[in-house]
Amino acid sequence: MTDEMWEVIRPLLPVRNLRKGGGVRKYGDRLVLDSIFYVLRSGCQWRMLPRDLMPWDAAHRWFTKWCRDGSCDRIHDELRRQLRIGAGRDSEPSAAVIDAQSIKTSEGGEARGFDAGKRTTGRKRHVIVDTMGLLLVVAVTFASVQDRAGGRTVLARLAAAFRTVSLVWADGGYANSVDSTLLSWGRDALGIVVEIVKRTDDVRGFKVLHRRWVVERSFGWLVRNRRVARDYERLTATSEAMIKVAMIRLMLVRLAGQSSRWSHESHRETARTKTTEDLIVA
């Protein structure tokens, strides 16, 4: 993390209760976050963390602790609120977009199935994002779970967490001539109108569709991180947590006023200015 990113997230990190005792911490919160973000961006195994960070077992332990005690969710939600307010929007969304993404997994782990439509063996990510593309809720299931079934899961989570959302846009996979009960269920049971954004039959090839492109862009943001470009986690809860960590880093970059693109121009400029003596000493 840069200093600007650290200043944004530092006030949101959990504060240790000294009355509960315990020894002095050996590794600070910033080093913990640097280690977690390194695994996220590089896609490496926890055991392959560089030595200039922290031991892998300590980094994984803190990652698990923050995910289980709700710190990850709390930080993620607060960063989303700050980003929405900074963009001139209400802190809580009133409309959202839903979609699912089938992703390959590594061998083993729970909830591993086959998506016959996408010809993919792995898991499926059911997500709902706001109109800015920021994550609201996510659920990871078997890849064989239909969009309509997974849609009920995330819509129920959305209704429980965001009472302000009354409209959700979706693609044709969530309602067709065979089964359109999701629309009536969302309206009657949750008070949410699910509107289908259909693709016209006379259009061939790729076409950007109204509202639906927002969630597709969010998937593009996620897979820029190698750890979530493929599902390497053994537990679906860990998969959901890693997706939230990816969004936390994205929102940190934006709130810090920096670019999310990686550039090695500064390193190349430094190498050009080095003298022969500097290279020998190094």
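Q: How many disulfides does a search of the whole structure find?
A: The search finds zero disulfides, a disulfide being a pair of cysteine sulfur atoms within 2.5 Å. The model is predicted, so local features need pLDDT of at least 70 and side-chain atom pairs count only at pLDDT 80 or more, while totals for chains, interfaces and linings use all residues. Residues are numbered from 1 along each chain as its sequence is written, and side-chain values use heavy atoms, with hydrogens and water left out.

Q: What makes Cys-44 count as buried, and what is Cys-67 called?
A: Buried means under 20% relative accessible area, exposed over 50%, and partly exposed in between (1.4 Å probe, protein chains only). Cys-44 has 13% relative accessibility and so counts as buried. Cys-67 has a relative accessible area of 23% and is therefore partly exposed.

Q: How do you know that the span of helix H3 is close to the expected one?
A: Helices (H or I, at least four residues) and strands (E, at least two) are DSSP runs, numbered from the N terminus. The expected span is 1.5 Å times one less than the number of residues. H3 (residues 56-68) has 13 residues and reaches 18 Å from its first C-alpha to its last, close to the 18 Å expected.

Q: Which residues of H3 are buried, and why are they said to line one face of the helix?
A: Ala-58, Ala-59, Trp-62, Phe-63 and Trp-66 are the buried residues of H3. Seen down the axis of H3, they fall within an arc of 135°, so they line one face; the arc is that of the directions from the helix axis to the C-beta atoms. The face turned away from this buried side carries the exposed residues Arg-61 and Arg-68.

Q: What makes Arg-119 exposed, and is Ala-111 buried or exposed?
A: Arg-119, in the loop between E2 and strand E3 (120-130), has a relative accessible area of 64% and is therefore exposed. Ala-111, in the loop between strand E1 (95-104) and strand E2 (113-115), has 12% relative accessibility, so Ala-111 counts as buried. Phi is positive in Ala-111, near 55°, and in Arg-119, about 55°.
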